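Take a look at the structure below.

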Amino acid sequence: MTKRLFKALATSAVLGLGATTAATAAECIAPANPGGGWDFTCRQIGKIMYDIGAVDKPIQVTNMAGAGGGLAFNHVVSERNEDADLIVAASSATSTRLAQNAYAGMTADQVRFVGAIGADPGVIVVAADSPYQTLNDLVEDVKANPGSVAFAGGSAVGGFDHLKPLMILQRAGVEDVKAVKYIGVDGGADAITQTVGGFTQAMSGDMSEIVGFLKSGDVRAIAVLTEERVPGFEDIPTAKEQGIDVVAVNWRGLYVPKGISDDDFNMWAERLQQVADSDEWKEAMAANGLAPFTKVGNDFQSYVDGVVSEIRALSKEIGVIQ
């Protein structure tokens, strides 16, 4: 099955995009079934690239589900390492899984991360009646008694929702983050229910998960984990402006094969930047609850390298990996 799939993909890749002329169709692999974030990334970014003239032909989308993105990653590394006509949808889940060796020994440096141009911002949320008014109030309580504060999140132990508060606490000087309690539940709504019900003191999640609860007044967001405040939610301060330098977002972006030339890498970076600058992408972000988050080219590669390193270290510290 896998061999037949790879053969079919190799055949479809004959429709290669010229590195400089973009005369024929490129391909975007979405490492999941149709629907969901990776599929959205390929289809929206590919469509807009064509609509604004960044490429001359519509970009072909190939869905390649399996191993949480691992099947596609292995295919790119093993079969398409020098294919300059190929882009692959990625997100924070990609970098987290690579950091935690979830792709069977494959590593982040086997591809090149070309850019991210939107994100679902990470947030830290407390119940409306919580005594914590700021992120620092919460951090100081953890410092005084790490075991007294529990976080809820929609990911499993060691997942991104778990790692967000640990990154904050480490940057704030908390040495024993293993003492901090975390309850992983099935999605952001359940995590908010845990917090509103008083079973946990805070919720770690994404902006898209909390909008309805913010509007209903059930919760307060004490920090958003972005570089700047999020349009439409300007009353929520960033962690950075509260003195804790953490940016943790579920970014939407692309990687490319490692073996392509610097010129081809820069070409894809330039095309992605054109999408980021377009009115069409701004409309797509607004319609899908994404916030601006633009890091393209070497700047984004450096960001991913740093995130992978930090998540790997944190994951070892809390025992998720050896």
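Four residues of α2 meet α10: Phe-40, Gln-44, Ile-45 and Ile-48. On the α10 side, their partners are Glu-280, Trp-281, Ala-284 and Asn-288. By class, this contact has 5 nonpolar, 2 polar and 1 charged residues. Keep in mind that the model is predicted.

How do α2 and α10 lie relative to each other? Their axes are 10 Å apart, at an angle of about 155°. Angles over 145 degrees count as roughly antiparallel, so α2 is roughly antiparallel to α10. The crossing of the two helices is right-handed.

From α2, the contact uses Ile-45, Ile-48 and Met-49. From α9, it uses Trp-268, Arg-271, Leu-272 and Val-275. The classes here are 6 nonpolar, no polar and 1 charged.

**Another pair: α4 and α11**

Now turn to α4, residues 92-99, and α11, residues 298-317. These helices pack at an angle of about 50°, with axes 8 Å apart. They are therefore oblique to each other. Their crossing is right-handed. Which residues make the contact? Helix α4 supplies Ser-95, Thr-96, Leu-98 and Ala-99. Helix α11 supplies Val-304, Val-307, Val-308, Ile-311 and Arg-312. Sorted by class, these residues are 6 nonpolar, 2 polar and 1 charged.

| Helix pair | Angle | Axes apart |
|---|---|---|
| α2 and α10 | about 155° | 10 Å |
| α4 and α11 | about 50° | 8 Å |

**The largest pocket**

Rolling a probe the size of a water molecule over the atoms shows where empty space is left. In this model, the largest pocket holds about 420 Å³ of space. Its lining counts 22 residues. Nearest the centre are Ser-91, Ala-93, Arg-97, Phe-160 and Asn-250.

Which elements give two or more residues to the lining? They are α2 (37-51), α4, α6 (160-171) and β9 (249-257). The largest share comes from α4, with 4 residues. So what kinds of residue line the pocket? The lining has 4 nonpolar, 13 polar and 5 charged residues.

Two of the helices above return here. Helix α4 packs against α11 and gives the lining its largest share.

Conventions: Residues numbered from 1 in each chain as written. Predicted model: local features only at pLDDT ≥ 70, side-chain atom pairs only at ≥ 80, totals over all residues. Heavy atoms only, no water. Axes fitted to C-alpha atoms, helices over the stretch in contact; angles between N-to-C directions. Parallel < 35°, antiparallel > 145°, perpendicular 65-115°, else oblique. Left-handed = near helix turned anticlockwise from the far one by under 90°. Contact = heavy atoms within 4.5 Å. Nonpolar A, V, L, I, M, F, W, Y, C, P; charged D, E, K, R; others polar. 1 Å grid on protein atoms, 1.4 Å probe; cavity = no way out; pocket = protein on both sides within 12 Å on 5 of 7 lines; lining within 4 Å. Points joined across faces, edges and corners; volume = space filled by probe spheres on them.
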